[in-house]
Amino acid sequence: LSLCPGQTYKLDYPLNFTAQDQEILTLGFPTDHTRATLVVAGHLSGVNANHSTAINGQCRGCDRVKVRYIQVDGQRDPDADILPGGGANIALGGSNTGQLVEFTRSYDPRSWSCLHFHEGQHACSKATVVNNDIGPCGFSEYEEWADGISLSCKESYVAGNLIRDATDGGIVVFGAPGSLIERNTIWAVNRTLLGGINMVDYDPWEGDYSGTIVQHNLVVGGVPGRDPADPKELDAFVKVGIAVGSRIWFGDKYDSERYVAHGSVKNNVFTGAFGYAIAISGAKQFSVHANVLSGPTSFVGSPGPTCT
């Protein structure tokens, strides 16, 4: 499906891949604002209720489908709550292998993520997510958050992406054993970000992060105001730069046997304002080393109204 440069296409329903090797792209492969834009425009009530996904590639037999050189506008209404039960702007994965998203911009999802790769009965493998511009995703207000990239597909490669103003997790790694996440920039510009890169989810891989490596990523918190010690002076900051372990996100929801395990976090760089650069709890046999603070860095925060 070759879309026209500079054109906007309003969707009442998702575009659904139906077979392997299909592709959606803008003619001529532009990488700037002339990329075609798909707009999620379906109604939130009535016959076509709860429209939140522009592209769906979780179909059976959809190996190697590609989303390239386009833009996806989720058209989230700033006054509307996040859509419960909705899907991401771009929803791929499923029991497929070799799917690709590159040089794509995805922003303002109505639901929980800008880009999601589903594990598909633990059969999804070898997704590639490179050189994309993601965000804004969600809002800073309580439970109005959304992820930038949500990865649950094993043996995948996520690199060279710029995630700006995600609000839940910039990149959330749901186990995705055997995956490499490197050279991405996660940047809180105008909205508070709960976690830059999250490796906290026990489900759906039962805490298995074997061979999953997070390396050479840059996490940037918002620049402090006049008083770096006062969180009210912050336009935006990152609560946890890289979060490792189930207890960081879920407290005592999981018992002491439900760890995340066997991942690696190394050579990542943090700059700007954070609650914590790295926080670890509920993890075992994780390798976390050679991560550094660079430039002006501040650690700020105060208990929120829902903290106990």
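Q: Is Ala261 buried or exposed?
A: Ala261 is buried, because its relative accessible area is 5%; buried means under 20% relative accessible area, exposed over 50%, and partly exposed in between, with a 1.4 Å probe and protein chains only. This is a predicted model, in which local features need pLDDT of at least 70 and side-chain atom pairs count only at pLDDT 80 or more, while totals for chains, interfaces and linings use all residues. Residues are numbered from 1 along each chain as its sequence is written, and side-chain values use heavy atoms, with hydrogens and water left out.

Q: Where does Ala261 lie?
A: Ala261 lies in strand E25, residues 260–261. Strands (E, at least two residues) and helices (H or I, at least four) are DSSP runs, numbered from the N terminus.

Q: Which residues is Ala261 in contact with, leaving aside its neighbours within four places in sequence?
A: Its partners are Gly207, Asp208, Tyr209 and Ser210, together with Lys284, Gln285 and Phe286. Contact means heavy atoms within 4.5 Å.

Q: And what separates the C-alpha atoms of Ala261 and Gly241?
A: The separation is 19 Å, for two residues 20 apart along the chain.

Q: Turning to the cysteines, how many disulfides does the count come to?
A: The count comes to three disulfides, a disulfide being a pair of cysteine sulfur atoms within 2.5 Å. With the bonded cysteines numbered in sequence order, the pairing reads 1-2, 3-5, 4-6.

Q: What does Cys59 join to?
A: Cys59 is joined to Cys62, with an S to S distance of 1.8 Å. The torsion about that S-S bond, between Cys59 and Cys62, is about -110°, so the disulfide is left-handed. Cys62 is buried, because its relative accessibility is 0%.

Q: What about Cys114 and Cys137?
A: Their disulfide has an S to S distance of 2.3 Å. The torsion about the S-S bond of Cys114 and Cys137 is about -115°, so this link is left-handed. The pair links distant parts of the chain, 23 residues apart: Cys114 is in strand E12 (residues 113–118), and Cys137 is in the loop between strand E14 (133–134) and strand E15 (147–151). Both Cys114 and Cys137 are buried.

Q: How far apart are the sulfur atoms of Cys124 and Cys153?
A: The sulfur atoms of Cys124 and Cys153 are 2.1 Å apart. With -90° about the S-S bond, the link of Cys124 and Cys153 is left-handed.
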